[in-house]
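Here is a short briefing to read with the model open beside you. Take a moment to look over the fold, then follow the points below.

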Amino acid sequence: MRSELTMAERIQICRHHEGGRITNKALSLWASEKMGKPISEMMISRILIRKIKLLGSDVGSNRKHYRKPECPNLESISYSWFLMMQEANVTISDAMLIAKAKMLSNSVPRESAKEFKFSNGWLQGFKSRHGISSKQASVSLEFLHQ
């Protein structure tokens with residue numbers, strides 16, 4: 001029987017593996033007991049292959065899959081701006097996030113010739129990848145130019 005693990009569970013396995021030298025079999029037994037579902041040695045092996053990527057990710061803990069952003073440079077810059085606004089206690093609406101990403105896209109080299117669309121799907125994916133809640137707020141557009 002195949003069991004699906006969340007990102008949080010995969011990260012937990014990677015962190016337990018970092019604790020010391022442990023075999024995949026021992027890690028499989030530990031994880032199966034801890035998570036209450038069968039986890040094979042092969043699954044452990046596949047998780048550990050992506051260990052660096054998993055431990056360095058900011059994906060939401062309930063996600064089971066991670067989809068790369070279409071434009072990683074724009075994603076990174078947009079998220080940095082979002083964090084700066086968050087530190088300044090500015091609540092950002094979905095419309096503001098899209099508007100700022102559009103502005104930033106002009107300063108980021110294109111990674112493909114394909115025209116980038118800032119759709120609701122992009123917005124939901126961006127927010128999901130970075131664990132941003134869906135709260136809406138009205139804030140002055142002056143913050144877009146920061």
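This is a predicted model: local features need pLDDT of at least 70, side-chain atom pairs count only at pLDDT 80 or more; totals for chains, interfaces and linings use all residues.

Residues are numbered from 1 along each chain as its sequence is written, and side-chain values use heavy atoms, with hydrogens and water left out. The chain has seven helices and zero strands, where helices (H or I, at least four residues) and strands (E, at least two) are DSSP runs numbered from the N terminus.

**Overall make-up**

- Read from the N terminus, the order of elements is α-α-α-α-α-α-α.
- The chain has 146 residues, and 38% of them count as buried; here buried means under 20% relative accessible area, exposed over 50%, and partly exposed in between, with a 1.4 Å probe and protein chains only.
- Taking contacts between residues at least 6 apart in sequence, 68% join residues at least 24 apart, with contact meaning heavy atoms within 4.5 Å.

**H5 against H7**

- Helix H5 (residues 72-87) packs on helix H7 (residues 120-130) at about 70°, and their axes are 12 Å apart. Axes are lines fitted to C-alpha atoms, for helices over the stretch in contact, and angles run from 0 to 180 degrees between N-to-C directions.
- That angle makes H5 roughly perpendicular to H7; angles under 35 degrees count as roughly parallel, over 145 as roughly antiparallel, 65 to 115 as roughly perpendicular and the rest as oblique.
- From H5, Glu75, Ser78 and Tyr79 meet Trp122, Phe126, Arg129 and His130 of H7.
- Sorted by class, the contact of H5 with H7 holds three nonpolar, two polar and two charged residues. Ala, Val, Leu, Ile, Met, Phe, Trp, Tyr, Cys and Pro count as nonpolar, Asp, Glu, Lys and Arg as charged, and the others, Gly among them, as polar.

**H5 against H6**

- H5 and H6 cross at roughly 130°, and their axes come within 10 Å.
- H5 is therefore oblique to H6, and this crossing is right-handed.
- On the H5 side, Leu74, Ile77, Ser78, Trp81 and Phe82 take part, meeting Met96, Leu97, Lys100, Ala101, Leu104 and Ser105 in H6.
- The contact of H5 with H6 has eight nonpolar, two polar and one charged residues.

**Nonpolar cores**

- In soluble globular proteins, nonpolar side chains tend to be buried together.
- The largest nonpolar core has 20 residues, and Leu74, Trp81, Phe82, Ile92, Leu97, Phe118 and Trp122 have the most contacts inside it. Such a core is a set of buried Ala, Val, Leu, Ile, Met, Phe, Trp, Tyr and Cys residues joined through side-chain atoms within 4.5 Å.
- At least two residues of this core come from each of H5, helix H6 (94-105) and H7.
- A second, separate core has eleven residues, including Ile13, Cys14, Ala31 and Met43.
- Leucine 97 contacts Trp81, Phe82, Ile92, Leu123, Phe126 and Lys127, leaving aside its neighbours within four places in sequence.

**H2 against H3**

- H2 and helix H3 (residues 41-49) pack at about 105°, with 9 Å between their axes.
- H2 and H3 are therefore roughly perpendicular to each other.
- Asn24, Lys25, Leu27, Ser28 and Ala31 of H2 meet Glu41, Ile44, Ser45 and Leu48 of H3.
- The residues of this contact divide into four nonpolar, three polar and two charged.

**Single residues worth a look**

- Serine 32 sits in helix H2 (residues 24-35) and is partly exposed, at 22% relative accessibility. Not counting residues up to four places away in sequence, serine 32 touches Lys37, Pro38 and Ile39.
- Methionine 43, in helix H3, counts as buried at 18% relative accessibility.
- Asparagine 89 is in the loop between H5 and H6 and is exposed, with a relative accessible area of 69%. Phi of asparagine 89 is near 60°, a positive value in a residue other than glycine.
- Phenylalanine 116 belongs to the loop between H6 and H7 and is buried, with a relative accessible area of 14%. The C-alpha atoms of phenylalanine 116 and glutamate 70 are 8.6 Å apart, although 46 residues separate them along the chain.

Notes:
A crossing is left-handed if the near helix is turned anticlockwise from the far one by less than a right angle, and right-handed if clockwise.
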